[in-house]
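Trainee: I would like to go through the side-chain contacts of this model. Can we start with the charged groups and then turn to the rings?

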Amino acid sequence: MKETLIAEGGYVYKQETLLTVLKTSLFFANDGYSVYDCKGQLVFRVDSYGPDTRDKGEIVLMDAHGKCLLTVRRKRPSLHQRWEGFTGERSDGQKPIFSVRRSSIIGRSSVTVEVYNNPGEEYQIEGSFAQRCCTIFNAGKESVAEIRRKVDASTNVVLGKDVFSICLKPGFDGAFAMGLVLVLDQINGDETITEGAQVEPITED
């Protein structure tokens with residue numbers, strides 16, 4: 001598989017790599033995230049800054065030192081819950097480098113990811129993120145990353161959904177994968193929160 005590099009910082013691994021994602025919501029209604037490698041070293045983090053952060057529809061992925069790697073932003077209004085990804089901390093007028101959208105608004109659906117600076121580079125995310133069981137496929141239908149439930153190695157017990165794993169195949173950008181996880185988590189949360197709610201007016205995506 002060819003390398004997929006989206007964010008700066010060298011998060012493309014030569015060997016299959018397992019990252020552990022810890023989702024936290026200790027102080028606010030929003031969620032923060034900490035991502036660790038197999039040695040227990042912090043790789044990525046997302047901080048929650050207060051109860052109004054979710055309303056902005058924008059989330060920043062940082063490295064362990066607080067440097068902004070990616071910003072994912074919800075496009076409003078949007079028929080298929082489209083999100084866009086930007087390099088670093090997004091600024092006004094900046095063009096997105098990728099987009100994420102649901103392939104359908106009826107029933108269970110896959111999620112389509114399009115990379116703008118590389119025509120033809122597209123990914124499909126299939127499975128259930130709510131159950132922490134889904135796979136990211138490239139255009140050639142090769143698995144490039146998997147999201148799985150985390151199992152405690154000492155007790156062989158499946159942990160709660162706030163702790164899960166991302167398995168990265170060689171050559172796939174870990175920062176990109178985590179950016180997609182942030183979008184999937186927001187889409188999943190929106191589906192839970194807005195179930196039965198009135199639909200907002202929409203425009204063409």
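Mentor: This is a predicted model. We can begin with a network of salt bridges that links Glu16, Glu146, Arg148 and Lys169.

Trainee: How far apart are the closest N and O atoms of Glu16 and Lys169?

Mentor: Glu16 sits in the segment before β1 (17–24), and Lys169 in the loop between β12 (163–168) and α1 (174–193), so the pair links distant parts of the chain, 153 residues apart. A salt bridge needs a nitrogen to oxygen distance within 4 Å. For Glu16 and Lys169 the closest N and O atoms are at 3.1 Å.

Trainee: Is Lys169 buried or exposed?

Mentor: Buried means a relative accessible area under 20%. Lys169 has a value of 17%, so this residue counts as buried.

Trainee: Which strands does the salt bridge between Arg73 and Glu58 link?

Mentor: The closest N and O atoms of Arg73 and Glu58 are 3.5 Å apart. Arg73 is partly exposed at 30% relative accessible area, and Glu58 is partly exposed at 25%. The two residues are 15 apart in the chain, Arg73 in β5 (residues 68–74) and Glu58 in β4 (residues 58–63), and the strands linked are β5 and β4.

Trainee: How many salt bridges does a search of the whole structure find?

Mentor: Another one is formed by Asp92 and Arg90, at 4.0 Å from N to O. Asp92 is exposed, with a relative accessible area of 73%. For the whole structure, the search gives nine.

Trainee: Why is the pair of Phe129 and Phe164 edge-to-face?

Mentor: Planes over 60 degrees apart count as edge-to-face. The ring centres of Phe129 and Phe164 are 5.8 Å apart, and both residues are buried. Their planes are at 90 degrees, so the pair is edge-to-face.

Trainee: Which residue lies over the face of Phe129?

Mentor: The charge must be within 6 Å of the ring centre. The distance here is 4.5 Å, and the residue over Phe129 is Arg132.

Trainee: Which element gives the most to the largest nonpolar core?

Mentor: This core has 43 residues, and those touching the most other members are Phe44, Phe98, Phe172, Phe176 and Met178. The most, 10 residues, comes from α1.

Definitions and conventions:
Residues are numbered from 1 along each chain as its sequence is written. This is a predicted model: local features need pLDDT of at least 70, side-chain atom pairs count only at pLDDT 80 or more; totals for chains, interfaces and linings use all residues. Side-chain values use heavy atoms; hydrogens and water are left out. A salt bridge is a side-chain nitrogen of Lys or Arg within 4 Å of a carboxyl oxygen of Asp or Glu. Helices (H or I, at least four residues) and strands (E, at least two) are DSSP runs, numbered from the N terminus. Buried means under 20% relative accessible area, exposed over 50%, partly exposed in between (1.4 Å probe, protein chains only). A nonpolar core is a set of buried Ala, Val, Leu, Ile, Met, Phe, Trp, Tyr and Cys residues joined through side-chain atoms within 4.5 Å. Rings of Phe, Tyr and Trp (its six-membered ring) pair if their centres lie within 6.5 Å; planes under 30 degrees apart count as stacked, over 60 as edge-to-face and the rest as tilted. A charge sits over a ring if NZ of Lys or CZ of Arg is within 6 Å of the ring centre and within 35 degrees of the ring normal.
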